[in-house]
Amino acid sequence: MTDALTISGLKKTYPDFVLDGVSFSVPRGSIVGLIGENGAGKSTTISAALGLIQTESGNVSVLGKEKLDNETREQIGVVFDGNNFPENLSPCKISHVMRDIYRSWNDGTFLELLEKFSVPANKPVKQFSKGMKMKLAIAVALSHDSRLLILDEATSGLDPVVRDDILDLLLEFVQDETHSILVSSHITSDLEKIADYIVFLHKGRVVFSKPKDELIEQYGILKCGAAQFDALDKADLIVCRKMDYEWQALVADRDKIQKKYPKALVIPASIDEIMLLYVKGEAA
């Protein structure tokens with residue numbers, strides 16, 4: 001098994017939205033970042049991967065299984081945005097509940113993670129900050145022998161210090177190359193730090209699925225005036241956008257483009273800028 005998660009040709013139709021032939025994979029031992037604007041289909045894709053919704057077509061393979069049996073479900077850790085635990089329970093009481101849900105539940109691991117995260121074990125969840133609740137959810141996800149973590153906007157709304165702690169833990173989780181993570185996030189700077197691959201969803205379709213290093217090290221934004229833009233070979237451009245005083249165009253190989261057009265300004269592109277140009281730009 002080389003992929004922890006394989007999604008192939010997923011289609012799901014709603015009255016106002018279609019998830020249209022979504023395909024990508026999460027290689028074993030990697031972190032894959034799932035990006036896209038609100039309503040792009042990220043949460044729908046995750047729900048389909050977890051078997052929470054039925055799709056019209058497509059296949060999902062999780063940890064080598066096309067059907068999610070109980071053994072496979074135990075090896076998936078899931079973290080959604082928001083609190084998923086009863087507010088009146090403490091982490092210690094939650095641990096007792098989890099013991100009855102997961103055969104592989106490990107009290108020792110859970111308590112170690114609570115201590116590492118500075119999460120009080122005996123306080124009720126209702127007294128926790130959002131950051132504490134998220135740390136609790138991740139501690140639970142990591143305490144039942146998970147091999148695949150799926151996180152949907154898990155760092156949304158957290159302060160930078162808490163987010164950095166969580167990102168470090170995710171990097172540590174995949175170090176042995178047998179664990180894998182799919183993480184959906186609007187905070188693309190987080191993904192620039194930890195992701196190995198980026199999957200970009202737009203209007204229910206996969207725009208690209210690429211290694212993060214290729215995007216950061218090779219992609220670029222060409223900036224020029226109208227006259228120079230008219231003279232460009234449009235085959236060199238992925239998408240372009242007219243601004244107030246200049247044209248901006250996304251290119252796949254900024255060094256090559258800079259050599260070809262030495263008078264143009266070609267700068268590195270962040271994942272945020274790449275996504276923005278795809279969404280707001282148009283074909284050249």
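Is Ser146 buried or exposed? The relative accessibility of Ser146 is 3%, so this residue counts as buried, where buried means under 20% relative accessible area, exposed means over 50%, and partly exposed lies in between (1.4 Å probe, protein chains only). The model is predicted: local features need pLDDT of at least 70, side-chain atom pairs count only at pLDDT 80 or more, and totals for chains, interfaces and linings use all residues. Residues are numbered from 1 along each chain as its sequence is written, and side-chain values use heavy atoms, with hydrogens and water left out.

Ser146 sits in the loop between α5 and β6 (148-152). Helices (H or I, at least four residues) and strands (E, at least two) are DSSP runs, numbered from the N terminus. The side chain of Ser146 reaches the backbone oxygen of Ala141 at 2.5 Å. Apart from neighbours within four places in sequence, Ser146 is in contact (heavy atoms within 4.5 Å) with Glu74, Gln75, Ile76, Gly77, Ala141, Phe173 and His179.

Helix α4 comprises residues 107-117, and Phe110, Leu113, Leu114 and Phe117 in this helix are buried. These residues lie on the same side of α4, because they cover an arc of only 105° around the axis; the arc is that of the directions from the helix axis to the C-beta atoms. An α-helix has 3.6 residues a turn, so residues three or four places apart point the same way. On the other side of α4, Glu112 and Glu115 are exposed. The cover over the buried residues of α4 includes α3 (91-101), α5 (130-141) and α6. At the N-terminal end, α4 is capped by Asn106, with a side-chain oxygen 2.9 Å from the backbone nitrogen of Gly108.

The structure contains 13 salt bridges, a salt bridge being a side-chain nitrogen of Lys or Arg within 4 Å of a carboxyl oxygen of Asp or Glu. One of them joins Asp107 and Arg99, with the closest N and O atoms 2.9 Å apart. Asp107 is partly exposed at 26% relative accessibility, and Arg99 is partly exposed at 42%. Arg163 and Asp190 form a salt bridge at 2.9 Å, N to O. This pair links distant parts of the chain, with Arg163 in helix α6 (residues 160-173) and Asp190 in helix α7 (residues 188-194), 27 residues apart. Both Arg163 and Asp190 are buried.

A salt bridge also connects the side chains of Asp236 and Lys260 (2.7 Å, N to O). Here too the pair links distant parts of the chain, 24 residues apart: Asp236 is in the loop between α9 (226-231) and β11 (239-242), and Lys260 is in helix α10 (residues 254-260). Asp236 counts as buried at 18% relative accessibility, whereas Lys260 is partly exposed, with a relative accessible area of 43%.

Key
Polar contact = N/O pair within 3.5 Å; in protein donor to acceptor, adjacent residues only side chain to side chain.
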